[in-house]
Amino acid sequence: MARLPHIQLRDLHRAPLPRADLKAVTTALVDQPLETSVRALLVNRATLEPGRKIQVVAGDLSRVTSHDAIFILAGPAFRGQRLVQAESGIAAGTISLPAHMSPGTWAIGVEDLSEVTGGQGGAVSGQVLLDLGIFTVN
């Protein structure tokens, strides 16, 4: 397993994942018409605050060889994403939150499409892996 620079593992805890919001948030983040396996992210803070940073570790990704995963931050009228490297089922990084965050539901997701394959006629098959945290910003 690769070292995770600047992330203190002892400071991480499960991100909030309220069941009431799970389906709507997953549907908004994942644009594949496939089964999605959702697991909780690990984060170093329980709340999102504008202009702050949050450390994120997705530890339940595919264990296939090194591959890309997509970090997604989404909230009211906002969506940002970036490709990151996943290794041994783990992707980690620090997200700089926007200086202005509208009140409402915000999500941080790490989407792994390494188990999705394309077929004839553009059909896709497989499973999407999504490590997720759902937060309320006041």
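**Group meeting: helix, cores and sheet**

Let's start with helix H1. On one side of H1, Ala20, Lys23, Ala24, Thr27 and Ala28 are exposed. Exposed means over 50% relative accessible area, buried means under 20%, and partly exposed is in between, using a 1.4 Å probe and protein chains only. Helices here are DSSP runs of H or I with at least four residues; strands are E runs of at least two, and both are numbered from the N terminus.

A word on the source. This is a predicted model, where local features need pLDDT of at least 70 and side-chain atom pairs count only at pLDDT 80 or more, while totals for chains, interfaces and linings use all residues. Residues are numbered from 1 along each chain as its sequence is written, and side-chain values use heavy atoms, leaving out hydrogens and water.

Back to H1, residues 19–29. Which of its residues are buried? Val25, Thr26 and Leu29. Down the axis of H1, the buried residues fall within an arc of 105°, so they line one face of the helix. That arc is taken from the directions from the helix axis to the C-beta atoms. The cover over them includes strand E2 (35–40), E5, E6, E8 and E10.

Now the cores. A nonpolar core is a set of buried Ala, Val, Leu, Ile, Met, Phe, Trp, Tyr and Cys residues joined through side-chain atoms within 4.5 Å. The largest has 22 residues. Leu41, Leu48, Ile54, Val56, Ile95, Ile108 and Val110 have the most contacts inside it. Strands E4 (53–58), E5 (67–75), E6 (78–86), E7, E8 (104–112) and E10 (124–137) each supply at least two of its residues. A second, separate core has 13 residues, including Val25, Ala74, Ala107 and Ile134.

Take Leu48. Contact means heavy atoms within 4.5 Å. Setting aside neighbours within four places in sequence, Leu48 contacts Ile54, Leu97, Met101, Trp106, Ile108, Phe135 and Val137.

Next, Gly104, in strand E8. Buried or exposed, or in between? Gly104 is partly exposed, at 23% relative accessible area. Not counting residues up to four places away in sequence, Gly104 touches Pro76, Phe135, Thr136 and Val137.

Last, a sheet. Four strands form an open sheet in the order E1-E3-E4-E7, with antiparallel pairing. Strands E1 (13–14) and E7 (91–96) stand at the edges with a single partner strand each, so one side of each has no neighbour in the sheet. Two strands pair if DSSP finds at least two bridges between them. E1 and E3 (residues 42–43) are joined by two bridges. His13 has Val43 in E3 as its bridge partner.
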